[in-house]
Structure formats: structure tokens, C-alpha cells
Amino acid sequence: FVWALKAAELGDAGAIASVAFCYLQGRGVKMDHRKKVEWFLKGALQKNRVCLLRAAECLEKGIGCAQNLPKSACFYLEYADCMQITRRLEANCESES
């Protein structure tokens, strides 16, 4: 957890997601839903797909934070955009093979 936290504090999107999951599951740190949401939101702002989806879910359900349906919808839309871009890239790679 310590090294993931250090990398997350430096802005590494993958580490941010890892820290959020540590708080979600209580791995190496006490389970904390507020901190989990805080880290998922940080990752979502960096367009990390996993963080976008998890932040949207937390905001939709009010888990670890106040329910915020408009913000949740925005994160779900950003997640959908990221997935669409990923599918296009994968399709392009397959067609070039």
C-alpha cells in the first residue's frame, strides 16, 4: 500500500486506482469508504476507466459520499466515451493484422 500511495500522490492513474481499491477492500489499510471515493474521484479526473465507473457508482448510490446523480451521469458518460475509443482502437488493430 505504501508504494502505491506514493505513486498515487505523484499522480500515477494506475496507482490511484490501486489505492482506491485498497480502501475499498481494506488491503494494507483500514477499509474507508470516504477515502475510497476520494481516490476514485481523483482517478476519474484523469480519465482512468476503472475510476470513472467506480466514482459514478459511488455518486449514484451515495456510498462514501453524498448522492449526486448529475455528477454520476457525467462520469458514466465519460466512461462510455473511453470504452468507445478503446473499442475503435482495438478494431483498428485487428483490421491491420
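This is a predicted model: local features need pLDDT of at least 70, side-chain atom pairs count only at pLDDT 80 or more; totals for chains, interfaces and linings use all residues.

Biologist: How many of the residues, as a percentage, count as buried?

Modeller: Buried here means under 20% relative accessible area. The chain has 97 residues, and its C-alpha atoms fill a box of roughly 45 × 35 × 20 Å along the principal axes. The share of residues that count as buried is 26%.

Biologist: Now charges. How far apart do the centres of the positive and negative sets lie?

Modeller: There are 14 positive side chains and 11 negative ones.

Biologist: Which residue forms a salt bridge with Glu78?

Modeller: The search of the whole structure finds 3 salt bridges, and one of them links distant parts of the chain. Glu78 sits in helix H5 (residues 69–96), while its partner is 31 residues away, in the loop between H3 and helix H4 (49–61). The closest N and O atoms are 2.6 Å apart, and the partner is Lys47.

Biologist: Is Glu78 buried, exposed or partly exposed?

Modeller: The buried class stops under 20% and the exposed class needs over 50%. Glu78 has a relative accessible area of 24%, so Glu78 is partly exposed.

Biologist: What's the N to O distance for Glu38 and Lys42?

Modeller: Both residues lie in helix H3 (residues 33–45), 4 residues apart, about one turn of the helix. Glu38 is partly exposed at 39% relative accessible area, and Lys42 is partly exposed at 36%. Their side chains meet in a salt bridge, with an N to O distance of 3.5 Å.

Biologist: Last one: why does the pair Arg54 and Glu57 count as a salt bridge?

Modeller: The two residues are 3 apart in helix H4, about one turn of the helix. A salt bridge needs a side-chain nitrogen of Lys or Arg within 4 Å of a carboxyl oxygen of Asp or Glu. The pair counts because the closest N and O atoms of Arg54 and Glu57 are apart by 3.9 Å.

Note on methods
Residues are numbered from 1 along each chain as its sequence is written. Side-chain values use heavy atoms; hydrogens and water are left out. Buried means under 20% relative accessible area, exposed over 50%, partly exposed in between (1.4 Å probe, protein chains only). Lys and Arg count as positive and Asp and Glu as negative; His and the chain ends are not counted. The place of a charge is taken as NZ of Lys, CZ of Arg, CG of Asp or CD of Glu.
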